[in-house]
Amino acid sequence: MYNIKLLNKISKVGLDGFDENYAYSEEMTNEDAILVRSASLHEYDFGENLKAIARAGAGVNNIPLDDCSEKGIVVFNTPGANANAVKELVLCGLFLSSRKIVESIRWIDGLKDDQDIAKTAEKGKSNFVGPEIEGKTLGVIGLGAIGVNVANAAIKLGMKVKGYDPYIGVNAAWALSKHARHAASLEEIYQECDYITIHVPSTKETKGFMNKEAFAQMKTGVRILNFARGDLVNNEDLLANVASGKINKYISDFAAPELIGQENIIILPHLGASTPESEDNCAKMAVEEVCEYLENGNIINSVNFPGVNQARMSKTRLCIINKNVPNILANISKLFADHNLNIENMVNRSRGEYAYTLIDTNDEVRPDIIERIESANGIINVRAIID
């Protein structure tokens, strides 16, 4: 029986993926895995039995990745599961940035006591003129699942699209419309695009990258959309450039006190993935990832350990998490040979400072042998899955 702790409300559609071998609740203790959406785990006391954390969403800022890696806890996210929901909101942001829709609604709301409101509205509508997006150039920074969906949709709406992503994946490259143009640098996006939308994760390298130096290179009147992470933009520099008119409009899904109530800035309450379909998709993917890891040791969509997806080929599978240092595989192989254990299949992958190894064998691996592997230098933990 596997114990799963729920730290947020998780869609029933996803939870239905657990069979009778799983128990889950918000009160669960001694959990094998955690399912989480927005709850912070930075102060969470991880139990010794915890093997995995699955975030039902893309961003993992609420999870202490370094701590999890040190303890051999595999952290999963659900890339692409909410891509359509976010894409639709970004398209909404494009229109909000152009047509002064929010401003006109607020103005109309203030006329509710006007007995001649139809005539007043007709006279006042010229204050809310805004350009069409067709024929304009959209710069997409980050071509993951969301960025590609946004780029393809914008092209269908008649926009010219330039995309920038030095680390674009193979699947994203295949999915991207042939009509999208590759930008060789961020500077090209800044200098040539009428609209810019951000779709990159928040990392040490990207935090605050949208700052006064970036704004200085942009077209006057540029419209910027941020549905990725709030801290990607330096808000002090943003406010100065909105006030000067360099930035015509800023639309974001991330609230900050200094941005609220500012002219030409529209802030939404993090609605990107807030659709029933997105919540279902994220939950289903998170549950599938957890089950595959707990039952078969396969790692799919981890943000802190390498991906390994290997079909089971034997009675016993050892799942070994270790530091990415020399001689570990040689030492494990020697230990198997010393005990006359045959390795049917071995797969090893590394990612930065860490590595992950799956070993399949039809021989019995005694607990004392597992303990010897686990006590070796560089080994973080060892788990045996036995049919």
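In what follows, Ala, Val, Leu, Ile, Met, Phe, Trp, Tyr, Cys and Pro count as nonpolar, Asp, Glu, Lys and Arg as charged, and the others, Gly among them, as polar. The structure is a predicted model, in which local features need pLDDT of at least 70 and side-chain atom pairs count only at pLDDT 80 or more, while totals for chains, interfaces and linings use all residues. Residues are numbered from 1 along each chain as its sequence is written, and side-chain values use heavy atoms, with hydrogens and water left out.

The protein chain has 13 helices and 16 strands, taken as DSSP runs numbered from the N terminus (helices H or I, at least four residues; strands E, at least two). Its C-alpha atoms fill a box of roughly 90 × 45 × 35 Å along the principal axes. Of the 387 residues, 49% count as buried, that is, under 20% relative accessible area with a 1.4 Å probe and protein chains only. Among contacts (heavy atoms within 4.5 Å) with a separation of 6 or more, residues 24 or more positions apart account for 63%.

At least three residues come from each of domain 1 (1–77 + 276–305) and domain 3 (308–386), with bounds from an automatic or database domain assignment. Leaving aside neighbours within four places in sequence, Y293 is in contact with residues including V74, F76, I321, Y356 and I385.

The second largest pocket has a volume of about 300 Å³. On a 1 Å grid over the protein atoms alone, a pocket is an open set of points where a 1.4 Å probe fits, with protein on both sides within 12 Å along at least five of seven lines, and lining residues have an atom within 4 Å of a point. Of the 17 residues that line this pocket, the closest to its centre are E48, N49, L50, K51 and N381. By class, the lining has 8 nonpolar, 4 polar and 5 charged residues, and its largest share, 4 residues, comes from β16. Because domain 1 and domain 3 both give residues to the lining, the second largest pocket lies between them.

Technical notes. Points joined across faces, edges and corners; volume = space filled by probe spheres on them. Buried < 20%, exposed > 50% of the residue type's maximum accessible area, 1.4 Å probe, protein only.
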